[in-house]
Every structure is written in structure tokens, then in C-alpha cells.
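This briefing is meant for someone meeting the structure for the first time. Please keep the sequence and the 3D view at hand while reading the points below.

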Amino acid sequence: MTAAQSAGTAPHAVVVGSPVAHSLSPALHRGAWQGLGLTGGRYDRVEVAAGGLAEALPALVRDGVTALSVTMPLKEEALEAGRRGAGASETAELAGGANTLVLGPDGWAADNTDVPALERVLARAAGGHPVREAVLLGSGATARSALLALHGAGVRSLQVGVRATVRPELGALAERLGVALEAVPLDGALAEIAAGRPPRLVLSTLPAASWGALPAVGEWAPGEQARGTADPALVWVDAQYADWPHPWAGAAERAGATVVSGLHMLVEQAVDQVELMTGRRPGLADTASLLPEELRRLHRL
């Protein structure tokens, strides 16, 4: 924490990625700063295309930037920036990507706040009950963070719904963590969920654009469940919040499942980011306070 931050001054921070025009990070961080009584900070959006982070960082430093929120497609590049600078956290190394960069005397330090944020979201959604098995939809970069969070929640057996095969990085991480993976076709995994036969927890890392290319929901949970008596113990946690709810999340909720959108994870990870950037931990309510009211209602924040 810098002297300016200890005196109550917020940093000059930016969110980088492509695209970032839609990013909610400025509202989240400014809300957190207000709650903490920090003043004088700036939080901007900076469009940086894939492959461009290393070149962009010196210019950002010259502009006074000391902290970055990093979104797609730059998380692996952010990890490399940390490795070349002050280092990367174990969580970022395991996830294979960083979403936070903080500038210090030894350069940029990289961390990944998605993982602990998702752990907290999972714990709340599951009501504190232990979960040993789960279904993970997708096996991309976000799925690695999801796997770490699921492992932290106690999951040791994981069915992964994929279009083709599980990506090698996810398989290697599962082996390292001691989580047994079973790859199944994505369509088949969704059909099992709709039939009311999944493990207690479903975690989707599929991007919002994917749902339009997947099969229509069709009949959900035949028999008794079709009349609205689906197992209320089913928990569906999503990493996405754009175009919410997508058809499958909406169907799960109508069938009686507990459904949590990715906006909850976004707010939680911002809490950790603000603490890394300022040395002070904001509250969830303050961090979400500047989001549009209709958005908070839609996502039940």
C-alpha cells in the first residue's frame, strides 16, 4: 500500500481487455472507493487487443496507472507480466492466468481473484453443505479457475461437459489437484441436467454467445418435476452474466433450482481486487452500490 493510499487516496486504475466498453469494473471499484472513503482516484477502460499487454504497460505507467483489472483475452499475458516483475500468486499460476496487476517497487505483481470469489459464491449457493460431485460445463480458461474453486469447495469427482475433448490444461490441473474428471458430450450433460439427474451442483463457464448454438431446452425434468417439483437441492452457478438469464439458467430456475449468475462472482472478485490495490477491504454492498438498480434486481444482488 502506497503512502497516498494510506492517506485515503484511491489509485489510478484501469480495466484492460477487448472488448471493455461494456465492463462494469469502473462502477464496482468506484463504489468500493466511496464506501472506504477513498478519494482522488481514477478508473478508466483501456482497449488492449490480444498480444498487446506487454507493449501497453509502459504507456500506462507513464500515465500514472498503478493497478489493472484484466479481462479476456489478456489473462495469460497478465500472468507473464507478473512473472517478469514482482511475481505471480500461486492461485494465478495454478489457474494459468491473472486478472489483477498491481505495480510495486519490483514491478507488476499478478494475482487471480476469480478463484476465491467463486469459492465464496459456491459456498453461499450450496448453503454451507459439502459438495463432493459436480458438473462443469466448458473446459476453457475460465474452467481452470472454476476447477480450483470447486476443489476448494470439496469437489473430488467432476463431470465435464464439452463439445469435443477436455483441454489438456484442465486435465493436467485436475490431476494435480486429485480431482477425477469424466468428459461427456455437452449436449448429453445438458440432457441429464434437464432430466433431473445431475449431481447437486452445476457450474457453467460457457460464454453467453454459446447458448444460441446449443439445443433448445425442451422438456425439463419429466414426470413430477415437469409440474414444478424439481429437486430444490439443485444449484446452478454461472460464470456469465451477459444476456441474463440464458435459456438453460431460466429453465433451471423455473424447475426449482437455485440459480446464481456470474454478476455475483464479478462483485466478489472486485472486493478482493480493491483490497489488493488499496490495502483496504470494501463491503459487498458498497462495491455493488453504483450498479444500475435494474441490473441488481435482475441478478438478485
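Helices, of at least four residues, and strands, of at least two, are runs assigned by DSSP and numbered from the N terminus. In that numbering, aspartate 243 lies in the loop between strand 11 and helix 10, the latter spanning residues 247-254. The model is a predicted one, and the protein chain averages a pLDDT of 90, with 92% of the residues scoring at least 70.

**Confidence**

- Over residues 1-5 the pLDDT is below 50, and this stretch has nine contacts in the model beyond near neighbours in sequence.
- Residues 222-231 also form a stretch where pLDDT stays under 50, and here the model has 13 contacts beyond four places in sequence.
- Where pLDDT is low, the predicted coordinates should not be read in detail.

- Strand 7 (residues 133-137) and strand 8 (residues 157-162) run parallel and are joined by five bridges, with valine 135 standing opposite glutamine 159 in strand 8.

**Helix pairs**

- Helix 2 (residues 25-36) and helix 11 (residues 262-278) pack with their axes 10 Å apart and at an angle of about 60 degrees, and the two helices are therefore oblique to each other.
- Their crossing is right-handed, and the residues that make the contact include Leu28, Ala32 and Trp33 of helix 2 together with Leu266, Ala270 and Met277 of helix 11.
- By class, the contact of helix 2 with helix 11 comprises nine nonpolar residues, three polar ones and no charged ones.
- Helix 7 (residues 141-152) and helix 8 (residues 168-177) pack at an angle of about 15 degrees, their axes being 10 Å apart, which makes helix 7 roughly parallel to helix 8.
- Helix 7 passes helix 8 in a right-handed crossing, and among the residues in contact are Arg144, Leu147 and His151 of helix 7 and Glu169, Leu173 and Leu177 of helix 8.
- The contact of helix 7 with helix 8 has seven nonpolar residues, one polar residue and two charged residues.

**Backbone details in loops**

- The peptide bond from serine 18 to proline 19 is cis, with omega near 0 degrees, and proline 19 is placed in the loop between strand 1 (12-17) and helix 2.
- Another cis peptide bond leads from methionine 72 to proline 73, with omega near 5 degrees, and proline 73 belongs to the loop between strand 3 and helix 4 (75-84).
- Aspartate 243, a residue other than glycine, has a positive phi near 50 degrees.

Terms used: Residues numbered from 1 in each chain as written. Predicted model: local features only at pLDDT ≥ 70, side-chain atom pairs only at ≥ 80, totals over all residues. Heavy atoms only, no water. Axes fitted to C-alpha atoms, helices over the stretch in contact; angles between N-to-C directions. Parallel < 35°, antiparallel > 145°, perpendicular 65-115°, else oblique. Left-handed = near helix turned anticlockwise from the far one by under 90°. Contact = heavy atoms within 4.5 Å. Nonpolar A, V, L, I, M, F, W, Y, C, P; charged D, E, K, R; others polar. pLDDT = per-residue confidence, 0-100. Pairing = 2+ DSSP bridges.
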